[in-house]
Amino acid sequence: MEQRTYNQYCATARTLDLVGERWTLLLIRELLTGPKRFGDLQASLRGLGTGLLAARLKHLEHEGLARRVTLPPPARTPAYALTEAGEELSPAILSLARWGLKWAMGERRETETFHPGWALLGLRACFDAEAAAGLRAVYEFRVGDEPFHARVDDRTIETVHGPAQRPDATITISNDAFLRITGHELTLAQAIENGAASATGDSEALRRLSTLFPLPRPQSREARSL
């Protein structure tokens, strides 16, 4: 597939030459949370055909943004992972996510898919490092039937697919309630009160949870009159 170019000697244009094609940034989003098999990527990126997915992965490999790996036991299957250059796109992806929460989300459309695992990057995008000062805790989240966890260590955060070995706090919540919290229609406390969520574990870790991931308030993009 011929690669299009802006033909501009500019860092922004050169970057968009590499990652500006449709689906490319979403592929990088998926790989930012760890290596993925071809089938995993297909499942998360519904609407992306097999041929185009293969072409986008080949492009990322050719440009040194992704590489082929073998997953550790017991899987031992081929997968794709980001290179160092690919990983360094993380701040840009997280900034886009924060911008989107404020300026782009709105109500969910009927045709839009949702995967709870996308919340891993959402947690990183909204993480307030100052609010985590002095805190060392592992939070396990179970959104729908998908578990993942966040390890907070004094202003830093690591998010990982799968359950935690020894979580300090566990939050279980339905997909619907999670989406309503994301849309500012519901708070976690309200979800717990009405039975759509539960929270167990260390009381101090749970108390500080409410300050760790502040969601940007949605804003309208309509031009304001002067």
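Me: What order do the strands of the open sheet have?
Reply: The order is β5-β4-β3-β6-β7, five strands with mixed pairing. Strands are DSSP runs of E, at least two residues, and helices are runs of H or I, at least four, numbered from the N terminus. Two strands pair if DSSP finds at least two bridges between them.

Me: Which are the edge strands?
Reply: β5 (157-161) and β7 (197-201), each pairing on one side only.

Me: How is β6 joined to β7?
Reply: By five bridges, and the two run antiparallel. Thr 170 has Thr 200 in β7 as its bridge partner.

Me: Which strands does helix α7 touch?
Reply: Helix α7 (residues 119-126) packs on the sheet and touches β3 (136-143), β4 (146-153) and β5. Contact means heavy atoms within 4.5 Å. The direction of α7 makes about 175° with that of β5. Axes are lines fitted to C-alpha atoms, for helices over the stretch in contact, and angles run from 0 to 180 degrees between N-to-C directions.

Me: And what about α8?
Reply: Helix α8 (residues 175-182) touches β3 and β6, at about 100° to the direction of β6.

Me: Is Cys 126 buried or exposed?
Reply: Buried, at 8% relative accessibility. Cys 10 is partly exposed, at 32%. Buried means under 20% relative accessible area, exposed over 50%, partly exposed in between (1.4 Å probe, protein chains only).

Me: What is this based on?
Reply: A predicted model: local features need pLDDT of at least 70, side-chain atom pairs 80 or more, while totals for chains, interfaces and linings use all residues. Residues are numbered from 1 along each chain as its sequence is written, and side-chain values use heavy atoms, leaving out hydrogens and water.
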